[in-house]
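Please keep the model open while reading.

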Amino acid sequence: MDKLIYLDNAATTKTAAEVVEAMLPYFTENYGNPSSVYSFAAANKDVISRQRDIIAEALGAKGNEIYFTAGGTEADNWALKATAEAYGSKGKHIITTKIEHHAILHTCEYLEKDGYEVTYLNVDENGIVKLEELREAIRPDTILISIMYANNEIGSIQPIQEIGEIAHEHGILFHTDAVQAFCQVPIDVNACHIDMLSASAHKLNGPKGIGFLYIRTGVKIRSFVHGGAQERKRRAGTENVTGIVGFGKAVERAVSSLEERTAGEKELRDYFISRIEAEIPYCRLNGDRINRLPNNVNFSFRFVEGESLLIMLDMKGICASSGSACTSGSLDPSHVLLAIGLPHEIAHGSLRITLSEETTKEDLDYVVESLKGIVENLRGMSPLYEDFVKKQDK
Amino acid sequence: MYTEKVMDHFQNPRNVGEIEDASGVGTVGNAKCGDIMRIYLDIDENQVIQDVKFKTFGCGAAVATSSMATELVKGKNIQDAMQITNKAVMEALDGLPPVKVHCSLLAEEAIHAALWDYAEKHGIKIEGLEKPKSDIHEEEEAEEY
């Protein structure tokens, strides 16, 4: 395949060249274990500490509040399970939403089996949490509110500051899964009263296998991985030095380009959305038009199924993703699309396109042209479309 | 994930379309699960399937199994068409991923549903053919919108 248009940046991103360059010496030259005493290795402790500061600064946090993990999923698991354990004597009620990533939802299900009660908040048709419903869900035994910063499928950005204020008023811990939002939107953990925040490097042109959990000073949270004294005794295991260096570099890069990069992405995103809406009939934009990640586009195309769409796009060198059942490995389409009220058959026909800083207008023009033909072709063989057209004719 | 044959039948599906005044039409599956297959049969007075067309809403495997099933029944008499199982469809496609086996079952059901419709219209009984369970009635389908 000659052409490759990568538009699945919410799944993962290309590791930036300067990130790889920054990492390389830590494989072959400065490979020492940061816990060792001799200066050759101990220097890496300072290196890690510098990356912690870079990352903390991006959040308005302190360096010693950043705990490195193996990724966003581990950070989410840790935040939920360890909070439940540490605060379980105070209460056993957790509030989250129906549109969280599985790293949160499946962890909540695990905790439910362990005697915890979880309230899964609804969202409106744009995928935004209703603050009134959150207020009503709070009980005396609520110990944690975990609500994602921005949704990975439909890009809707939650009213995090308002949520944080509500949590703060009630003295409840607030965790946010910011895996999609970190370095895509400005985040201030203090203004938003965020107590814990999960993020991952590979969503922002960093390497895979490294993430962090921000834990506000004073939050009681137990160790999740037991062993050595790394990460202030809260997360054992020899530090992933190369990964941490790559993460630091990726954040430095992403923060310095944030405004310009996201402005460019937003412009392209809106151009793409308007072309699809104008040129492909019977489509629906999923997610909020305004409170939306700069690089996220999610459409449902009625009468077509998502996996078919993805394979056809793949033939044309376009990488995208879908919330159809066939891509989830179950019979149900995406829980997020169902939560915003889409009927099953429309949820099955969803397509997620997530841009990067390298995406061009030409790329998107090519995708629109390809999509027009593919959707028409698939509708031509769809019994649902046939019935729809016959009904229109009547 | 898919064999070359599946990809071929997905990209170049055989017998896509409708047959006006078909001898039998069968629609199976449901939009909830993301797969709907409709098969049209044109059966002559000797009970031979002269023509067959399909329309499918579903994943690559759903389209490919529909396409292959239509190829397998074309030109067969209704008794022979009855013998075509989902296994035969899968084998003809050089296999399907385990999670997609249900697509081949749906293809078999769609053929049976179309044959059932034909048998009902003509007041005949086809040996071994039972009323399809997942046949979608027009009214039910209309409710989806």
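## Positive phi in chain B

Asp94(B) lies in the loop between α4 (86-92) and α5 (101-122) of chain B. Helices (H or I, at least four residues) and strands (E, at least two) are DSSP runs, numbered from the N terminus. Asp94(B) is not a glycine, yet its phi is positive, about 65°. Asp94(B) is partly exposed, with a relative accessible area of 48%. Buried means under 20% relative accessible area, exposed over 50%, and partly exposed in between (1.4 Å probe, protein chains only).

Asp21(B) also has a positive phi, near 50°. Its place is the loop between α1 (4-11) and β1 (24-30) of chain B. Asp21(B) is exposed, at 76% relative accessible area.

## Basis of the model

This is a predicted model: local features need pLDDT of at least 70, side-chain atom pairs count only at pLDDT 80 or more, and totals for chains, interfaces and linings use all residues. Residues are numbered from 1 along each chain as its sequence is written, chains are lettered from A and ligands numbered from 1 in the order in which they are written, and side-chain values use heavy atoms, with hydrogens and water left out.

## Aromatic contacts

The whole structure holds 11 aromatic pairs over all chains. The rings of Tyr31(A) and Phe40(A) are edge-to-face, because their centres are 5.2 Å apart and their planes stand at 70°. Rings of Phe, Tyr and Trp (its six-membered ring) pair if their centres lie within 6.5 Å; planes under 30 degrees apart count as stacked, over 60 as edge-to-face and the rest as tilted. Tyr31(A) is exposed at 55%, and Phe40(A) is partly exposed at 40%. Phe182(A) and Phe247(A) also pair edge-to-face, 6.5 Å centre to centre with 80° between the planes. This pair links distant parts of the chain: Phe182(A) is in the loop between β6 (173-177) and β7 (196-200) of chain A, and Phe247(A) is in helix α9 (residues 241-279) of chain A, 65 residues apart. Phe182(A) is buried at 3%, as is Phe247(A) at 0%.

Tyr282(A), Phe303(A), Tyr385(A) and Phe388(A) form one aromatic cluster. Charges also meet rings. The charged end of Lys3(A) sits over the ring of Tyr366(A), 4.3 Å from its centre. Lys81(A) places its charged end over the ring of Tyr110(A), 4.8 Å from the centre. The criterion is NZ of Lys or CZ of Arg within 6 Å of the ring centre and within 35 degrees of the ring normal.

## Helix α10 of chain A

Helix α10 (residues 306-315) of chain A is largely enclosed by the rest of the structure, because eight of its 10 residues are buried. Among them are Glu307(A), Leu310(A) and Met312(A). After α10(A) comes Gly317(A), with a positive phi near 80°.

## Cavities

Two cavities of 30 Å³ or more turn up in the whole structure. On a 1 Å grid over the protein atoms alone, a cavity is a set of points where a 1.4 Å probe fits but cannot get out; lining residues have an atom within 4 Å of a point. Grid points are joined across faces, edges and corners, and a volume is the space filled by probe spheres set on the points.

The largest cavity holds about 180 Å³. Its lining has 17 residues, with Thr13(A), Gln184(A), Lys203(A), Leu204(A) and Asn295(A) nearest its centre.

Methods:
On a 1 Å grid over the protein atoms alone, a cavity is a set of points where a 1.4 Å probe fits but cannot get out, and a pocket is an open set with protein on both sides within 12 Å along at least five of seven lines; lining residues have an atom within 4 Å of a point.
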